[in-house]
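Please report on the fold, the packing and the chain contacts of this model.

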Amino acid sequence: MKHPGEHQLALFAGGDIAGYWERWRISRHVSKCGDCQSEVRALSEASQQLRAIAPDLPADLNWNRLAEEMTGNIRVGLAAGEAIARFDRPVARRPRLGWNAALVLTCATAVFLVAFWMSLPQQQAQHLMAALQRIRVERIGALVKPAAAPQDEVVLEASSSSLDVRENDRTMSLTHPHSDVVTVSVSLHGSAGVRYVDADTGQVTTNKVYYAEP
Amino acid sequence: MSDLGAPSELEASQRAAQELQNRFVSDNLRRIFLLIYRIVQNVADAQDLTQEAFIKALQRQEQLKDAEKAAHWLSRIASNTAIDFLRRSGRVNFCEIDSLVEPLSEPSESPEQAVLRSEHRAYLEEGLTFLTERERTALLLRDVEGLGADEVAEQMNCSKATVRSHIANARIKFRRYMERSRRQSGRKK
């Protein structure tokens with residue numbers, strides 16, 4: 001009859017054999033073998049004795065005094081930990097989200113406008129510039145010199161003194177008498193007009209020029 | 001009115017937390033000290049490590065709500081603290097604190113019983129010194145603390161097979177030590 005190894009018996013004594021079949025095999029052997037039974041019993045007893053002294057304090061130790069000392073030290077340690085944590089805690093900063101958000105928004109808008117401008121075909125960009133200038137004229141009542149119109153393009157201009165239609169190098173102007181109140185209007189659909197009060201008659205006069213594609 | 005009520009509520013909750021802490025320490029101090037002492041085999045080191053383990057545990061007070069889990073969790077912190085200490089120092093320091101030494105008296109035992117029990121304890125503790133640190137730690141966690149082999153392996157940061165080997169070696173050595181002592185005392189008689 002083959003006996004289990006010493007290690008196997010030591011593990012078996014504490015219920016530490018891994019694997020059901022191995023445990024069953026050793027258990028079966030031990031139940032029939034007197035030598036192995038006494039070995040397992042001795043191993044179990046040794047562990048039991050160790051467990052039995054576990055609650056015992058070392059000889060000649062004044063537990064009450066030691067416990068008091070340890071309890072005090074634990075309190076001091078905790079208090080020191082809290083103090084260090086308070087010292088290390090970062091100071092609360094004033095929220096700067098508003099400024100940051102505004103900055104990010106401004107940058108994003110600038111990037112978007114630049115990208116939009118660069119992605120526009122040249123012709124459309126020039127149209128847009130011209131339209132913006134006309135709007136500005138309408139708002140402030142003074143014409144800023146427009147960008148040079150490309151050849152073959154018809155440009156309508158309205159100012160406080162005249163309505164102009166310009167094509168290539170030719171210009172047709174519809175002038176009106178000077179007036180303190182002149183309203184200039186420009187449409188992106190191809191029209192420009194002025195509205196003013198005639199100083200002589202006191203009547204409101206409207207001049208409008210339309211451009212139609214040939 | 002609410003201004004008067006708020007500080008007292010705060011004080012009450014702080015007092016309750018303090019009481020919980022004190023109870024947690026007093027309930028577990030002896031058990032944890034002994035666990036660490038059996039691993040490091042030295043009173044002074046066991047005292048320092050016990051304090052360290054409690055401070056670590058109490059700095060995470062949210063874990064204390066369930067007393068049973070908290071005790072188990074504290075054992076893990078304690079054994080890890082002791083194992084880390086052994087790993088760091090690579091040796092066990094045997095110096096004692098003289099000022100703490102005082103005759104032990106247990107009123108429930110007769111003087112003869114106390115002497116016999118003390119001798120038996122010293123004899124078993126001597127047996128533990130024949131084990132390597134890892135064998136001793138594995139044996140104490142498994143047979144005294146009652147942790148499963150898997151848990152011991154996790155705490156000792158090694159494989160289950162290695163831990164089983166440590167446990168088996170420790171049991172065999174300890175059993176041989178007891179057998180040898182019994183034979184020697186038999187011969188003396």
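Leaving aside neighbours within four places in sequence, which residues is A82(B) in contact with? A82(B) contacts I36(B), I39(B), V40(B) and L49(B). Contact here requires C-beta atoms, placed from the backbone, within 7 Å of each other.

The model is predicted, so local features need pLDDT of at least 70 and side-chain atom pairs count only at pLDDT 80 or more, while totals for chains, interfaces and linings use all residues. Residues are numbered from 1 along each chain as its sequence is written, and chains are lettered from A and ligands numbered from 1 in the order in which they are written.

A82(B) sits in helix α3 (residues 67–89) of chain B. Helices (H or I, at least four residues) and strands (E, at least two) are DSSP runs, numbered from the N terminus. A82(B) is buried, because 28 other C-beta atoms lie within 10 Å. The cut-off for buried is 20 or more other C-beta atoms within 10 Å of the residue's own; 12 or fewer makes a residue exposed, and values in between make it partly exposed, with C-beta atoms placed from the backbone. R38(B) is 44 residues from A82(B) along the chain, yet their C-alpha atoms are separated by 9.8 Å.

L147(B) belongs to the loop between α5 and α6 of chain B. This leucine is buried too, because 20 other C-beta atoms lie within 10 Å of L147(B). Outside four places in sequence, L147(B) contacts L141(B), R142(B) and V152(B). H72(B) is 75 residues away along the chain, with a C-alpha separation of 9.7 Å from L147(B).

V152(B) is also one of the buried residues of helix α6 (residues 149–156) of chain B; the others are A149(B), A153(B) and Q155(B). They line one face of the helix, because they fall within an arc of 165° seen down the axis of α6(B). The arc is taken over the directions from the helix axis to the C-beta atoms. Just after α6(B), N157(B) has a positive phi of about 55°.

**Chain A: helices, then strands**

Chain A has 6 helices and 6 strands. From the N terminus, the order is α-α-α-α-α-α-β-β-β-β-β-β. Chain A has 214 residues, and 15% of them count as buried. Of its contacts between residues at least 6 apart in sequence, 36% join residues at least 24 apart.

The strands include an open antiparallel sheet in the order β1-β2-β3. Strands count as paired if DSSP finds at least two bridges between them. β1 and β3 (170–175) are the edge strands, each pairing on one side only. On average, neighbouring strands here are turned by 15° against each other, direction ignored. Axes are lines fitted to C-alpha atoms, for helices over the stretch in contact, and angles run from 0 to 180 degrees between N-to-C directions. A hairpin of 3 residues joins β1(A) to β2(A).

An open antiparallel sheet is also formed by β4-β5-β6 of chain A, in that order. β4 (182–187) and β6 (204–210) stand at the edges with a single partner strand each, so one side of each has no neighbour in the sheet.

| Strands | Bridges | Facing residues |
|---|---|---|
| β1 (154–158) and β2 (162–167) of chain A | 5 bridges | V155(A) and R166(A) |
| β5 (191–197) and β6 of chain A | 7 bridges | V194(A) and N207(A) |

**Cores and interface**

The largest nonpolar core has 53 residues, and F12(A), I36(B) and I167(B) have the most contacts inside it. Such a core is a set of buried Ala, Val, Leu, Ile, Met, Phe, Trp, Tyr and Cys residues joined through C-beta atoms within 7 Å. α1(B) gives the largest share of this core, 10 residues. Another core, of 9 residues, lies apart from it and includes V184(A), V186(A), A192(A) and Y196(A).

Between the chains, 33 residues of chain B contact 34 residues of chain A. On the chain B side, α7(B) supplies the largest share, 8 residues. That side has 21 nonpolar, 5 polar and 7 charged residues. Ala, Val, Leu, Ile, Met, Phe, Trp, Tyr, Cys and Pro count as nonpolar, Asp, Glu, Lys and Arg as charged, and the others, Gly among them, as polar.

Key:
Two residues are in contact if their C-beta atoms, placed from the backbone, lie within 7 Å.
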